[in-house]
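Look at the structure shown here, then read on.

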Amino acid sequence: METTANPLDCRAHELKFIEETRVLSDNELQANNITPYHVTKFYGEQIVKSGYYDQLKYVVEPSVEEFESPGTLDTSGEHDNTIVPGLQHKYAQTGLLLVTERCGSYCRYCFRKRIVGKVSDEIAPDFDQAAQYIAGHPEMTNVLLSGGDPFVLSTAKLNKIVDHLLPINHLNSIRFGTKMLAYEPRRFADSALPALFKRIHKAGKTPIIVAHFDHIGEISCEAEDKVRALRAQGVQLLNQSVLLAKVNDDPEILAATFAKCHEIGVRPYYLFQARPVKGASHFQVPLRRGVEIVRGINQRLSGIEKTFKYIMSHYTGKIEILDLGQDGRLYMRYHQNKVAETIGRIFSRPHVATASWLDDMPEQ
């Protein structure tokens, strides 16, 4: 059967990359998994006035390196751990609910490039179905709303999602993973939000916002104000960062970021090793360099500020990267794993100079 190419797939676009401007077709963009360019006016202005534009531009502005950046689109086995559409259950205590494919801005290093900015069947279509599964699994103590970014949704929509979760007695917290405190902190000025968090509290659960500050230049005065207001509403705040080449691969920058987070009441939680994602693996920092950076961060922080773990979110589990030994082996520990007996187990692999991921080192 003869097929005819869709002429719309061949439309040409003039796209501005950090290094140059290129003319590309829709087919070329799709084949190379190039995420659309999208950034809030607030963030665009913030990274300029922060004095760190030369680093932070790589967070949101396309680079030609995306065309030569190998990898896969599901580095952590999300498909394999999806139980019902939109709900993942990889670790016993945690459910991961994908609630939207949209974000305030599109991070160029996103590990869900397969979803974000596209129409995706991985987003939960039926929150009642997901809640039924959660209700039947008493080992699950918390649910993380993610995507995309849940705070691009209206507060009314968030209330409807939470409606399904509040009656589940064994849930003790509801988490919201978001970068909107960096991208559009005014979202948290919504007068309807305090009532949402109050409902969660009233149901005997803790509302937790997992913020995403990768660099001290992202922590604006507006973000500080909103963080303090959220804390006054009884919201706990954690921060996760990704170790990113050209952006924050500097112990001084990350130490300043974590110290600032600690100062305003956002507990540094995870520093993630960037993942080998197709179109984003150029952000990876070699593991040896990562270990050196973490050592440098810890040398600059007080004891109460050292609350983060250096984590590789691998297909087999969340792996804490510990240190490179004098024997030339990289030592690691399973922070989370599907098999409970594996959690906390220390293991090692022979270090390879170019290694940026567990699979880059031999099993011996």
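By class, 21 nonpolar, 19 polar and 10 charged residues make up the lining of the largest pocket. Here Ala, Val, Leu, Ile, Met, Phe, Trp, Tyr, Cys and Pro count as nonpolar, Asp, Glu, Lys and Arg as charged, and the others, Gly among them, as polar. The model is predicted, and local features need pLDDT of at least 70, side-chain atom pairs count only at pLDDT 80 or more, and totals for chains, interfaces and linings use all residues. Residues are numbered from 1 along each chain as its sequence is written, and side-chain values use heavy atoms, with hydrogens and water left out.

The largest pocket holds about 1,200 Å³ of space. Among the 50 residues that line the largest pocket, F111, R112, L144, Q240 and F272 are the closest to its centre. A pocket is an open set of points on a 1 Å grid over the protein atoms alone, where a 1.4 Å probe fits, with protein on both sides within 12 Å along at least five of seven lines; lining residues have an atom within 4 Å of a point. Grid points are joined across faces, edges and corners, and the volume is the space filled by probe spheres set on the points. Strand 10 gives the most to this lining, with five residues. Strands are DSSP runs of E with at least two residues, and helices are runs of H or I with at least four, numbered from the N terminus.

The second largest pocket has about 450 Å³ of space. It is lined by 20 residues, and the closest to its centre are L15, T35, P36, Y37 and P62. Strand 1 (12–16), helix 1 (26–31) and helix 3 (53–60) are the elements that give two or more residues to this lining. Its residues divide into nine nonpolar, five polar and six charged.

How do two of the helices pack? Helix 8 (residues 221–232) and helix 9 (residues 251–264) meet at an angle of about 45°, and their axes are 10 Å apart. Axes are lines fitted to C-alpha atoms, for helices over the stretch in contact, and angles run from 0 to 180 degrees between N-to-C directions. Helix 8 and helix 9 are therefore oblique to each other, as angles under 35 degrees count as roughly parallel, over 145 as roughly antiparallel, 65 to 115 as roughly perpendicular and the rest as oblique. In the contact (heavy atoms within 4.5 Å), helix 8 supplies E224, V227, R228 and R231, and helix 9 supplies K260, E263 and I264.
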